[in-house]
Structures are given as structure tokens and as C-alpha cells.
Amino acid sequence: SRVALASYDVPRGGRWRLCACSGGYGGCNSYDDFTAVAGFLTVVGPSLNNQAKSCNAGFACRLPSKGAFVGQDLNAATDKVLFTTGVCGSDDKDYQLARDSYKQAGPVALDLVPVDL
């Protein structure tokens, strides 16, 4: 059988162990019933935590503040970010920020120059 995952089920990149439970063992109602490793799920993309940064208009700024984007299997040559005031995946980039462009990201820092802000 298949398990369908929607985008809200996997909102960030990472690697997870898939733990299974047989219906005859413990009822599968508690985490400690899931004792068998069924496999791994790898979601390519950025992690959500600790990648926030405050920048001042007209001044250079580095994103994220820790020095590089954190995530699973990020690629500086192909991964990009966009800036939006809306919802990721639904709204386009904000034309007033980052010179209305998609910016290269990946596992590197993103440097914004004053004209970007």
C-alpha cells in the first residue's frame, strides 16, 4: 500500500526514520509500540528553524545569521529563495525586495546588498 504525503505533512527538509507497528502488537496507540524500522524518508529542502534574520533598509545583510542555510541535500548551484509577504508556494516574489529576482541559496550564505533592501 502507499502513504500519500501532502506538502503540509513535510514542510521542511530533513531525514526521518520510519518506524512501524503491527496491529497485533500493543495496538499501535503509543510511540513505544512502533519498534520496527521500516525505512527512511529524506526530504530535500531547507530546515525551518533558526534561519530568521533582521536587516536594515539600505545596508548590506547576510542571510541567514548563522552563515549558511541549513537543510537536507541543499545545492548552491541550483537552489534558490524568493522573498514574499504572502504564502510560500502560493504567492509570487515581492517586486520591491531583492530587485524582483530569485536569489541563489543552497548551503551557503545569501548576501544582500543595499540596493536589494
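Modeller: Leu-117 is placed in the segment after β8 (110-112), where a strand is a DSSP run of E with at least two residues, numbered from the N terminus. The model is predicted, so local features need pLDDT of at least 70 and side-chain atom pairs count only at pLDDT 80 or more, while totals for chains, interfaces and linings use all residues. Residues are numbered from 1 along each chain as its sequence is written, and side-chain values use heavy atoms, leaving out hydrogens and water.

Biologist: Why does Leu-117 count as partly exposed?

Modeller: Buried means under 20% relative accessible area and exposed over 50%, with partly exposed in between (1.4 Å probe, protein chains only); Leu-117 has 28% relative accessibility and therefore counts as partly exposed.

Biologist: Which residues does Leu-117 touch, not counting those up to four places away in sequence?

Modeller: With contact meaning heavy atoms within 4.5 Å, Leu-117 touches several residues, including Cys-55, Gly-58, Phe-59 and Leu-97. The C-alpha atoms of Leu-117 and Gly-58 are separated by 5.6 Å, although these residues are 59 apart along the chain.

Biologist: What makes Cys-21 and Cys-28 a disulfide?

Modeller: A disulfide is a pair of cysteine sulfur atoms within 2.5 Å, and the S to S distance between Cys-21 and Cys-28 is 2.0 Å, so they are joined by a disulfide. A search of the whole structure finds one disulfide.

Biologist: Why is the disulfide of Cys-21 and Cys-28 called left-handed?

Modeller: The torsion about its S-S bond is about -90°, and therefore the disulfide of Cys-21 and Cys-28 is left-handed.

How values were computed. Helices (H or I, at least four residues) and strands (E, at least two) are DSSP runs, numbered from the N terminus.
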